Amino acid sequence: MDHHIKSLESLASDFESEKKRILNFVNKLKEENNCNDELITALNRIIDYNGKYYELLPKHLKKNKQIIITAIRFNSSIYNNIPADMKNNKEIALEAVKCYPCLMKELNLVFQNDYNFVKEAMELNPKVYRYLIAVWRQYPDFSLKAIEYDIGLFIYSGSEIRDTEQTILYGIKELYTLFSVASDRLKSDKNFVINAIKINPFILTYADKKFLDDFIIAKIAVSIMGSSLKLFSERIKNSRE
């Protein structure tokens, strides 16, 4: 086995030019059908440099968890080519979505529907939020974590989250244009709109148009930011009040 490891470590980095040489080496590995720690370490080193080598490995090595994780880190497409039973491995699945959040959609439904798995995935990479099934994008905890990480993720939130005052107010503190994705109920709720105006009067750009002709709303908005007067109706602009 030692001479195989030395051969492996001496392989050049250019995958295409060395492909024939690698295939010859892999055919020797197939005959031995074992994978000691030293061999796994050597394989991990070369796969870490070029994940394409994973595709050339014999079946028994393709099922090695360490090798799969190393290969996935190199290229997200490798996840779709690992043995089916290894896709049920939680550690591999978490590593996959940590590196490539979009792979959340490719995981088996057991993982996608598992609250604890989703929670761990969100801890590793909040960008996973974008690819969660709809039910999890309604959860305030997941939604707030996603927004804290990247305010832009708010656009992927579910309808219930967009109808939650706390979440909308939190969002517009970071980016007032997020008021545009608030529910119609909140956009037309005067008390809520007043609270939102106190954060940024320009949320009125996205609120119910009736507020642009409301003197109470106008007074509050202009007192906070004078330039917001331009948002209002001509009646209010021309008023002496």
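1. Tyr115, Val135 and Tyr139 together form a nonpolar surface patch with about 250 Å² of accessible area. Such patches take residues with over 30% relative accessible area and no salt bridge, nonpolar side chains (Val, Leu, Ile, Met, Phe, Trp, Tyr) being joined within 5 Å and like charges within 9 Å. A salt bridge is a side-chain nitrogen of Lys or Arg within 4 Å of a carboxyl oxygen of Asp or Glu, and areas follow the Shrake-Rupley method with a 1.4 Å probe, only the protein chains shown counting as cover for residues.

2. The model is predicted: local features need pLDDT of at least 70 and side-chain atom pairs 80 or more, while totals for chains, interfaces and linings use all residues. Residues are numbered from 1 along each chain as its sequence is written, and side-chain values use heavy atoms, without hydrogens and water.

3. Tyr115 lies in helix α8 (residues 115-124); helices are DSSP runs of H or I with at least four residues, strands runs of E with at least two, numbered from the N terminus. The protein chain has 14 helices and 0 strands.

4. Tyr115 is partly exposed, at 31% relative accessible area; buried means under 20%, exposed over 50%, and partly exposed in between (1.4 Å probe, protein chains only). Of the 241 residues in the protein chain, 44% are buried.

5. Mean pLDDT (the predictor's confidence in each residue, from 0 to 100) is 84 for the protein chain, with 79% of residues at 70 or more.
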